Amino acid sequence: MTTTKSNTYFWQGNQACAEGAIAAGCRFFAGYPITPASEIAAHMAKRLPQVGGIAIQMEDELASVGVAIGASWAGAKAMTATSGPGFSLMQEFIGYAFITETPCVIVDAQRAGPSTGQATKCGQGDVMQSRWGTHGDYSAIVLSPNSVEEMFTLTVRAFNLAEEYRTPVILLADETIAHMREQITVPSSDSVNVINRRKPRAGDKAFFGLEEVPPMPAVGEGFNVAVTGSTHDEYGIRFTADPLVHKKLVERLNNKIRNHVEEISDFEDYNIEGCQIALLVYGCTSRAIYEAVEKAEAKGIKIGYIRLKTIWPFPEKLVRKLAEKAEKIIVPEMNLGQICYEVERVANGLAEVIPLNKIGGGELITPEELLAKILREAEKNE
Amino acid sequence: MTQRVEVRISGLGGQGVVLAGQILGKAAVYSGRNAVQTQSYGSEARGSAAKSEVIISDSKIGFPAVRKCDVLVTLSQTALDKHFKDLKKGGVLLVDVSTVESIPETKVKVFKIPATETAKKTFGAGIYANMIMLGALARIINLVNDKAMEKAIRESVPEKTVEANVNAFNTGLEFLT
């Protein structure tokens, strides 16, 4: 028996998320209770005052993300956490955060929707909403953890990406990973890589352009910054009819993410080069692949996989490469098919894309179900 | 050889089956092993079906849910009726006979513990039945040391109830010693 290290804990995913946020420098949290995300709020309410931060329960989800955006402009790293129904309510402000280039982190611990659905049961139905939930032309950064440890590390990364690209970042968790408990070895605070937003220098005036990611002042620092959800120029001045100002702003906001897909993309892969059948997975569903892959290999099947830790921006080159190598790509999801269409678009006929869907009751796709699908598809090949 | 055990603790919301699973998993990690705990419960605060699952292993744990369990713990008749089919052939069934009336005929090893009755009599509240069952469970799976269990209990229950919970756990241990 080995001795347990003192920094090894048996934490719930939601607790790991809260601790990851604090390690990344988050000092403001606002939220409204909802299963399966409430433990994040509860933990932040306990922990943030201990580190000089503030946690508030707001009257609803709209207000929660609203004050998180405000806190960010006051200079704090800010977060809110919810589930599908609350995430729907937050969409308008997510667009506001995008156009005002406000770094903040929004956690959506998915449950079975639509609407109230099955409130305590797991689902992966918010994948497209996390990309296209608010209106207008925008690009989202969305991360997908598959363990308690990743609830910590990907929350840290979400904050770092938010600060680096000055944009809201969504941590798209799910009930299973949020509520699950498993061991986690927490890195010491000095070994956590923390990125902070670039601050302006005296005399700077352009906080909304000229550079791909402009510097961001806080209110009260003397920069007289105007923050508006209307189309604005580099200096924050509203231009509500000029076509060029709108084109320039919205293209830059999208390009600052689209031009950096490779840097933002994070994934785990196995045997891409040598596989005939591939799996494309993310989140809780990916926990079934390890056993299924081992058993498929024991039956002589050439199998590989990509597990996305960054869902959006979608890593087109990576998935295109997978489609060039594999004959078939199986996409297991706890929804009726969302990422599979993205895979199909990118594969563009190079590989056959096969969805494997399961919804209801929070029941995960089991390794047996996945293996059965792999075997059926391998048989068809012969 | 790699040691691995999969446990399902089942009952009704309010009986503390989720807490029992959390404590077991925590103690397993404190004993230097890998553990994953998952749960399933209804939207209601009390009375709907609840279960907590724990996988303890010396190697990395992929799939976190229990499909077939080595040990099934039940604190209600409906839970036993629902989950009995998922108990492995060579598994162990641990039943609170204060709350379960009928146990199906079976070749698996069955331990009958009057947990809720004992909890009421000894600790003044049936709510401690989960710790009594946890004590018996810890003795059966034998992968988690008792000190780690006690530490995990102390960290996981309200301060005022620590001693009663630890005593209830020890009572459960003694049932099978």
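Begin by selecting the interface of domain 1 and domain 2 of chain A, where 20 residue pairs, both members at pLDDT 80 or more, are in polar contact; such a contact is a pair of N or O atoms within 3.5 Å, where within protein one must be able to donate a hydrogen and the other to accept it, and residues adjacent in sequence count only if both atoms are side-chain atoms. The elements that give two or more residues to the domain 1 side include β6 (118–122), α5 (127–132) and α6 (148–165) of chain A; helices (H or I, at least four residues) and strands (E, at least two) are DSSP runs, numbered from the N terminus. Colour α5(A) next, as this element gives the largest share, four residues.

This is a predicted model, in which local features need pLDDT of at least 70 and side-chain atom pairs count only at pLDDT 80 or more, while totals for chains, interfaces and linings use all residues. Residues are numbered from 1 along each chain as its sequence is written, chains are lettered from A and ligands numbered from 1 in the order in which they are written, and side-chain values use heavy atoms, with hydrogens and water left out.

Select Gln124(A), Ser144(A) and Asn146(A), which supply 32% of the area that domain 1 buries against domain 2, more than any other three residues.

Between these domains there are three salt bridges, each a side-chain nitrogen of Lys or Arg within 4 Å of a carboxyl oxygen of Asp or Glu. Select Arg307(A) and Glu150(A), whose side chains meet in a salt bridge at 2.7 Å, N to O.

Proceed to Arg287(A) and Glu182(A), which form a salt bridge with their closest N and O atoms 3.1 Å apart. Arg287(A) lies in the loop between β11 (277–282) and α10 (289–298), and Glu182(A) in strand β9 (181–185), so the pair ties together parts that are 105 residues apart in sequence. Arg287(A) is buried at 4% relative accessible area, and Glu182(A) is buried at 8%; buried means under 20%, exposed over 50%, and partly exposed in between (1.4 Å probe, protein chains only).

Finally, select Glu19(A) and Arg47(A), which meet in a salt bridge of 2.7 Å, N to O. Glu19(A) belongs to helix α1 and Arg47(A) to helix α2 of chain A, and both residues are buried.

Note on methods. Buried area = accessible area lost by both parts, 1.4 Å probe.
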